[in-house]
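I opened my notebook to look up a sheet and some salt bridges. These are my entries.

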Amino acid sequence: MNKKIAFVVPFIAPYRVTFFEKLFNDSHNDWCLLHGHKKEEDGRPQYNKSLSFKNISFKFSFNKIGPYELYYNKGLSRKIKDYNPDIIIMSGNPGVISNIILLIKSKIKNKKIILWVCSWERGNIHGFYKKFKSKITRYYYSQADAYIAYGTHAKRFLIDFGIPEIKIKIAYNGIETDHMSKNEMEILREATLIRSKHTIKNDIVFIYVGGLIEAKKVIQLIDHFNILNKKHLNIKLWIIGDGPLKNKVQLKLEEFANNNIKYFGRIIDGVDSFFAAADCFVLPGAGGLALNQAMYWRKPCICSVADGTEEDLVFEGKTGFYFERNNWNDLQLAMNRFINTPQVKKVEMGNYCHDLIENQSNVNSMVEIFKETVFNV
């Protein structure tokens, strides 16, 4: 029997499009993506081109009340009612008020709910506010019928909230690898040109790709790379991204006047060549999928607490190096460990990275887990 499935997301990120295309290419079920549209630049790119699958848009809005970041999707409940799905898949973020309302209404009508849970926490809520949030979160999670976790950390997060392990599947948060595999030789040729244009022999290139927002800690990365660069003259830092901190980043680079730090702006098409041209990816703050993309191109990664998915990707001395959260001297030490790693070992680490993405954290594996969960719910 065919099922009607509504998949609700706040907005469509470019890197998710092929995931939805493959997931919705399912002759056994009727899928529809309900998605918001952002009006303001927040550092996270939004897909604005036409889609090849069934989709319905709604108004996406964000408000900050005290320490809480709250989201509301105007018109979502009505559009869900019109579509009348059997199953609803939505974010495990209890800060999406419209999702809580939708969940309550759906349970009354005996619709099945699947929560897709990341588990990333900003760590800026304490005391009474944290206890209140925990109560709302516990209630929100308790109402679902099944759970798909981004990784091991998210699964543990759910279990800590009392969710039975049997109800949880892990779909390792992954990237689309098909196009990278198909175009690998062309991407590597372009990477060679980028490398020859922006480096000289024996340079070591650290790269950051992501949003220019406070949670990503890009300014701190620039500051402490600049210090490290005084000890290691052959290191470079490439920054790719956009967001509210763009002007601050540019002012910082003007202040330092360090030619070893380059800002390339936002690059979506063609960014794989920059990953391939670099030597090591650095994630100074929150994030996740950029780790996957760097690792596909055999780049060891340096990170701290990101979004939880790093636990399944970054293994000390095997696929990268860790530093203590917000300890910027420790970040320098982690970068220094990579600098001092023998080239043979770097190649070994890079190959391990690539294999991990090919065999675990990719869109094809995610699609299979989502289909399995829908079938069994």
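My notes start with the model itself, then turn to the sheet and the salt bridges.

This is a predicted model: local features need pLDDT of at least 70, side-chain atom pairs count only at pLDDT 80 or more, and totals for chains, interfaces and linings use all residues. Residues are numbered from 1 along each chain as its sequence is written, and side-chain values use heavy atoms, with hydrogens and water left out.

**Sheet.** I looked up the strand order. I found an open sheet of six strands, β11-β10-β9-β12-β13-β14, with parallel pairing. Its edge strands, β11 (261–263) and β14 (320–322), each pair on one side only. My terms: helices (H or I, at least four residues) and strands (E, at least two) are DSSP runs numbered from the N terminus, and two strands pair if DSSP finds at least two bridges between them. Three bridges join β10 (residues 235–240) to β11. Here L237 stands opposite I261 in β11.

**Salt bridges.** I counted by this rule: a side-chain nitrogen of Lys or Arg within 4 Å of a carboxyl oxygen of Asp or Glu. The structure holds 13. One of them joins D178 and K22, with the closest N and O atoms 2.6 Å apart. D178 lies in helix α6 and K22 in helix α1, so the pair ties together parts 156 residues apart in sequence. K22, E176 and D178 are linked in a network of salt bridges.

I also checked R78 and D82, which meet in a salt bridge at 3.7 Å, N to O. Both are exposed (buried is under 20% relative accessible area, exposed over 50%, partly exposed in between; 1.4 Å probe, protein chains only). D178 is partly exposed at 36% relative accessibility.
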